[in-house]
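Hi,

Here is the structure I promised to pass on. Have a look at it first, and then read my notes below.

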Amino acid sequence: METSPKINSSADKTYAIKESCSLKKLTTKWNKCLDDYENYTLEYIKQYKKSLKGNGISLSKYPYMKAKSEALCEQLNNAQNKDLLSEKQLKRISKIQMKMLNACGL
């Protein structure tokens, strides 16, 4: 059975606290990025469906929404490749991408 290392010195405690804070900040950053990605994906789907019906305003918004959604996806893929995302965050990405696939038939 493996045990976690004991923190003996004040310096070790300070390092552990800083590491924990850094991890929280990183998690918060990627959760915000996931929120943005989900919001842009939902808006993209909305504009996509309207553009299929010939809505002129949606036709003009659609390319921007697609580009922004793809940029966020790329950013998240890079984070995934560097193992910066938690398992929960990875599942959320998959869920968002499935929404896109189902809605747009891609």
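**What I found**

Leaving aside residues up to four places away in sequence, Ile-93 touches Leu-34, Leu-76 and Leu-85. A contact here means heavy atoms within 4.5 Å.

Before going further, some housekeeping. This is a predicted model, where local features need pLDDT of at least 70 and side-chain atom pairs count only at pLDDT 80 or more, while totals for chains, interfaces and linings use all residues. Residues are numbered from 1 along each chain as its sequence is written, and side-chain values use heavy atoms, with hydrogens and water left out.

**The overall picture**

The protein chain has 3 helices and 0 strands, in the order α-α-α from the N terminus. Helices (H or I, at least four residues) and strands (E, at least two) are DSSP runs, numbered from the N terminus. Of its 106 residues, 23% count as buried. Buried means under 20% relative accessible area, exposed over 50%, and partly exposed in between (1.4 Å probe, protein chains only). Among contacts with a separation of 6 or more, 70% join residues 24 or more positions apart.

**The cores**

Back to Ile-93: it belongs to the largest nonpolar core, which has 11 residues in all, including Trp-30, Tyr-37, Leu-72 and Ile-96. α1 (10-52), α2 and α3 (87-104) each give two or more residues to this core. There is also a second, separate core of 7 residues, with Tyr-44, Ile-45, Tyr-62 and Cys-104 among them. A nonpolar core is a set of buried Ala, Val, Leu, Ile, Met, Phe, Trp, Tyr and Cys residues joined through side-chain atoms within 4.5 Å. In soluble globular proteins, nonpolar side chains tend to be buried together.

**A walk along α2**

At the start of α2, a side-chain oxygen of Asn-55 comes to within 3.0 Å of the backbone nitrogen of Ile-57. The helix has 26 residues and reaches 38 Å from its first C-alpha to its last, close to the 38 Å expected at 1.5 Å a residue (the expected span is 1.5 Å times one less than the number of residues). α2 bends by about 30 degrees at Tyr-62, and Pro-63 follows within four residues. That bend is the angle between axes fitted to the seven residues ending there and the seven starting there.

Which residues of α2 are buried? They are Ser-58, Tyr-62, Met-65, Ser-69, Leu-72, Cys-73, Leu-76 and Ala-79. An α-helix has 3.6 residues a turn, so residues three or four places apart point the same way.

Ser-58 counts as buried because its relative accessible area is 2%. Again leaving out residues up to four places away in sequence, Ser-58 touches Gln-47, Lys-50 and Ser-51. Gln-47 lies in helix α1 and is buried too, at 3%. Besides Ser-58, Gln-47 touches Lys-61, Tyr-62 and Met-65, on that count as well.

Further along, Asn-77 is in helix α2 (residues 56-81). At 30% relative accessibility, Asn-77 is partly exposed. Its C-alpha is 9.3 Å from that of Ile-93, 16 residues apart along the chain.

Is Asp-83 buried or exposed? Asp-83 is exposed because its relative accessibility is 68%. You'll find Asp-83 in the loop between α2 and α3. Its phi is positive, about 55 degrees, although Asp-83 is not a glycine. Most residues other than glycine have a negative phi.

Cheers

Methods: A polar contact is a pair of N or O atoms within 3.5 Å; within protein, one must be able to donate a hydrogen and the other to accept it, and residues adjacent in sequence count only if both atoms are side-chain atoms.
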